[in-house]
Structures are given as C-alpha cells and as structure tokens.
Amino acid sequence: MGILIIAAILTISICYKKNQVFSDRYDSTISVTSDSDSDVRRPSLYGFSKDRASIGLNEEINSANFENTYCALMINNETNEVIVSHNANKRIYPASMTKLMTSILVADAIESGKISLDDEVTLTHDITFREEGAMKSDLTKGCKISVRNLLSGLMICSYNDYCVILGELVAGDLDSFIEMMNSKAHDIGATNSHFMNPHGLDEHGHYVTAYDMYLIINEAERHEILREIDQYKTYTYSYTDAYGEKVEETITPTNEFLSDKSTLPSNIEIEAWKTGTTGGAGHCLSMICKINGVSYSFVCCDGDSTENLYKAYSQMFNMAK
C-alpha cells in the first residue's frame, strides 16, 4: 500500500512539473532592462539593426486578442510601425526558432568561403538527445552528407542533430559555436537573448525575447541561401549511410502555411520563417511575410495548441494595412 501511495505522489509531481514548465514559459516575471534612462527597448547601433523598430519595455499594442498567448509581435518592416506588441520583452524559451541563429552562422561561413554548400561532412560520432521525442534524423556515425542538405534539413524539418553537426563543422566544437551564437546576437542588437545550445531544446539559461527574435529573423532574411530554402514546400535529398549505401529522403516544412495544413491567404507571401515546439516554449512561429507587397515581421508563441497559434497569425494578418 505504501509503495502505491509513493508511486501516486511521484506521478502527480511529474505531471505538475511538466504542466508548470509548459505554462510558465521561461519566467513570466522577468523583462529586459533598458540600456538608457528611457524605458524604450531600442536596438543596438550595430549594423542594420539601428534602423529597426523600438518598443517600450512593457508596451502593449493591440494586444487584447493575444492575452492568452505567451507573446505576439507584428511590425511593418517598411515603416517600423509596431502593430501588435504583447509580452515582446519577456524572456521565453525559443524552441527551434533558435535554429535561425544557427542558420545565420552557417550562412556567414558559406559566404566567407570558410565552408561550401557542396562540402561533404562525415559524422565522426553518433548524436543523441535526452529529451523524449526530440526531432532527429536517421544519420549515425560514418554517414556522409553535404552542407546544403544539412542546412535544408535543419531549416525545413528542424532536425536537431543537424545543428550539432553544422555547429561542430563551423566552429570546431559545440562550445565555440555557442559562443559565436551569443556574440552574433549581440552584434545584431539581440542583447536580451542567451543561447546554451544550437537547436533550441529547453535548457535553463537559453532564452530570447520576441523583440530579439524579430531582429534575428530579419538578419536571417538577409542571406540568399536561407531565403531560398524557406520557399520549399518539399525537399528531396540524399546521403550515404555508414555502409556506403545511398539513402534518399523527402521532407516537408514544419510550417503549416507551407505544408497546406493551414490556409495562407492568396495575398500573402512567406519570405522567411521558423517554427518551434517544446514543453517550455509551447508552439512558436516567427515569420517575415509580404502582404499586398508590404513586408511585415511576426513572432508568436502560444502554449495551448498549434491551432491557436495559427489562429493568432490569422488575426495579425487581418491587421495589415
């Protein structure tokens, strides 16, 4: 009887902890702090980000329809008008939106000539994750695959192991790559983010804000190879397994607007995007879209369901001018 009681208590504790992590985001009490005497969260003066939108630290704009979401942000990229702002400066787990920063560093390495899209990478070790259900490919030690296919699998299908492989390729080891991620975030003005891994699985100390994610996706959109990959509705590629056999795989986007699970209005074109889903992050999607030819940035994270996430996007789409 005593054993049954203990087991029941443990089960309740585990379920409570899971739900608590999911509903509490990163820490809903933590906002960023101002870099000046003003309470306005301004991008840094580094590079292009000096021309981006500014948002008050606790500023809520047209947020009534988004109060049940972790955060919602919509910005007109051509006028820098903030159309929706809800919890834009609160820390959140970014989930696989983290991969935008990983992709930026890979694109930087390609453009600098450090690596090539056609380079073949041979896995020197197996890659495993403790998290149950973490998205992972079938690649094992000894498999050979190109940088182009690694980058495409990372962005389209959100393979977590591809982030590790590319991080080690670009920086030599994962710790050095994570340092590069944090340095790059600072350089583009995303100074209230901190990365602990290249894939976005929940980890204490790994967080972003919606505002910083807005800066990050706009940096990603500057790279031609990333824009190209973000247009694919399907992608077929191959790799060589550890036995020398060719393996072919067709993948589809995790973005439901591209996989046709959710309807995208005909006047909207997606230019950049990244989804993410973890227990701590909820259901996330960051995008840059053109609506009637005008460019907008979006960031939205919802704890309830992907259905609610895409409903929130439909609401924001309708607010475009």
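**Group meeting talk: rings, sheet and helices**

Let's start with one residue. F257 is buried, at a relative accessible area of 3%. Buried here means under 20% relative accessible area; exposed means over 50%, and partly exposed is in between (1.4 Å probe, protein chains only).

A word on the source. This is a predicted model, where local features need pLDDT of at least 70 and side-chain atom pairs count only at pLDDT 80 or more, while totals for chains, interfaces and linings use all residues. Residues are numbered from 1 along each chain as its sequence is written, and side-chain values use heavy atoms, with hydrogens and water left out.

Now the overview. The protein has eight helices and eleven strands. Both are DSSP runs numbered from the N terminus: helices are H or I with at least four residues, strands are E with at least two. Of the 321 residues, 52% are buried. Take the contacts between residues at least 6 apart in sequence: 63% of them join residues at least 24 apart. Contact means heavy atoms within 4.5 Å.

Five strands form an open sheet in the order 4-3-11-10-9, with antiparallel pairing. Which strands stand at the edges? Strand 4 (82–86) and strand 9 (268–278) do; each has a single partner strand, so one side of each has no neighbour in the sheet. Neighbouring strands here are turned by 10° against each other on average, direction ignored. Two strands pair if DSSP finds at least two bridges between them. As a general point, strands of a sheet pair through backbone hydrogen bonds, either parallel or antiparallel.

Let's walk across it. Strand 3 (residues 71–76) pairs with strand 4 over four bridges, in the antiparallel sense. In that pair, M74 stands opposite V84 of strand 4. The two strands make a hairpin with five residues between them, and N80 in the turn has a positive phi of about 65°. How covered is strand 4? Five of its five residues are buried.

On to strand 11 (residues 294–302). Nine bridges join it to strand 10 (residues 282–291), and the two run antiparallel. K290 has S295 in strand 11 as its bridge partner. Then comes strand 9. Ten bridges pair strand 9 with strand 10, again antiparallel. T278 stands opposite G282 in strand 10. This is a hairpin too, with three residues between the strands. Strand 9 is mostly covered, with nine of its eleven residues buried.

Now the rings. Rings of Phe, Tyr and Trp (its six-membered ring) pair if their centres lie within 6.5 Å; planes under 30 degrees apart count as stacked, over 60 as edge-to-face, and the rest as tilted. That rule gives eleven aromatic pairs. Take Y232 and Y235: ring centres 5.3 Å apart, planes at 20°, so this pair is stacked. Y232 is partly exposed at 24% relative accessibility, whereas Y235 is buried at 11%.

Back to F257. The F257 and F317 rings have centres 5.5 Å apart and planes at 45°, so that pair is tilted. F257 lies in the loop between strand 8 (246–251) and strand 9, and F317 in helix 8 (residues 306–317), so the pair ties together parts 60 residues apart in sequence. F317 is also buried, at 7%. Ring pairs link F257, Y296, F298, Y310, Y313 and F317 into a cluster.

Last stop: the helices. Packed helices are described by the angle between their axes and the distance between the axes. Axes are lines fitted to C-alpha atoms, for helices over the stretch in contact, and angles run from 0 to 180 degrees between N-to-C directions. Helix 4 (residues 160–171) and helix 5 (residues 174–187) pack at about 85°, with axes 8 Å apart. Helix 4 is therefore roughly perpendicular to helix 5. The cut-offs: under 35 degrees is roughly parallel, over 145 roughly antiparallel, 65 to 115 roughly perpendicular, and the rest oblique. Among the residues in this contact are V164 and G167 of helix 4, and L174 and F177 of helix 5.

Helix 5 also meets helix 2 (residues 99–111). Their axes come within 10 Å and cross at roughly 95°, so these two are roughly perpendicular as well. Here M101, T102, I104, L105 and D108 of helix 2 meet F177, M180, M181, K184 and A185 of helix 5.

One last residue. I188 lies in the loop between helix 5 and helix 6 (210–220). Is I188 buried or exposed? Buried, at 4% relative accessibility. I188 and E219 are 31 residues apart in sequence, and 7.5 Å apart in space, C-alpha to C-alpha.
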